[in-house]
Amino acid sequence: MAIQLKIDDRTYSVDADPDTPLLWILRDYLNLTGTKFGCGVAQCGTCTVLMDGSAIRSCVTPLSSIGNAEITTIQNQTDPLLKKVQEAWIDNDVIQCGYCQPGQIMNAVGLLKSNPHPSEEEIINAMDGNICRCGTYNRIKAAILAVSQGE
């Protein structure tokens, strides 16, 4: 039986096992490959997307748990906050290898949606579960602060 999903302002119909992780629905069923696979056990944050504005790990979120929630991925073209964060990432030269960046950015957007003006400590705590092998954590913090301060 097909399940309707709202992803990046579009509605998709997916016929998949209800236990299938959202990450594989995005990548394999819908060809939305901007969301990356990292560890597969919700420890690295590479697969982070937003569900109704809150950051979730798509690698461990089964299709059956989504219901009518709206999913936002790094490929969303209409979310103004996502666009601001992406621009701040570029302005602060955050990206090195880039593999973890979709998850980093989506986690930052989730933080800023719930707390538009986080302190440095709040940013560090919120981003703690997202691993960057290149070690760009200070640049990530600077980019989030820039968005929160309207720069």
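Trainee: Which residues of α5 are buried?
Mentor: The buried residues of α5 are Ile140, Lys141, Ala143, Ile144, Leu145, Ala146, Val147 and Ser148. Buried means under 20% relative accessible area, exposed over 50%, and partly exposed in between, with a 1.4 Å probe and protein chains only. Helices (H or I, at least four residues) and strands (E, at least two) are DSSP runs, numbered from the N terminus. The model is predicted, so local features need pLDDT of at least 70, side-chain atom pairs count only at pLDDT 80 or more, and totals for chains, interfaces and linings use all residues. Residues are numbered from 1 along each chain as its sequence is written, and side-chain values use heavy atoms, with hydrogens and water left out.
Trainee: What do the buried residues of α5 pack against?
Mentor: They pack against α2 (80–91), α3 (101–114) and α4 (120–127). Contact means heavy atoms within 4.5 Å.
Trainee: And what follows α5?
Mentor: Gly150, with a positive phi near 75°.
Trainee: Switching to Ile7: buried or exposed?
Mentor: Ile7 is buried, because its relative accessible area is 0%. Ile7 lies in strand β1 (residues 3–7). Leaving aside residues up to four places away in sequence, Ile7 touches Tyr12, Leu26, Leu30, Leu32, Ile71 and Thr73.
Trainee: Which residue has a positive phi although it is not a glycine?
Mentor: Ala42, at about 65°. Ala42 sits in the loop between α1 (22–29) and β3 (48–51). Asp52 is another non-glycine residue with a positive phi, near 50°.
Trainee: Is Asp52 buried or exposed?
Mentor: Exposed, since the relative accessible area of Asp52 is 56%.
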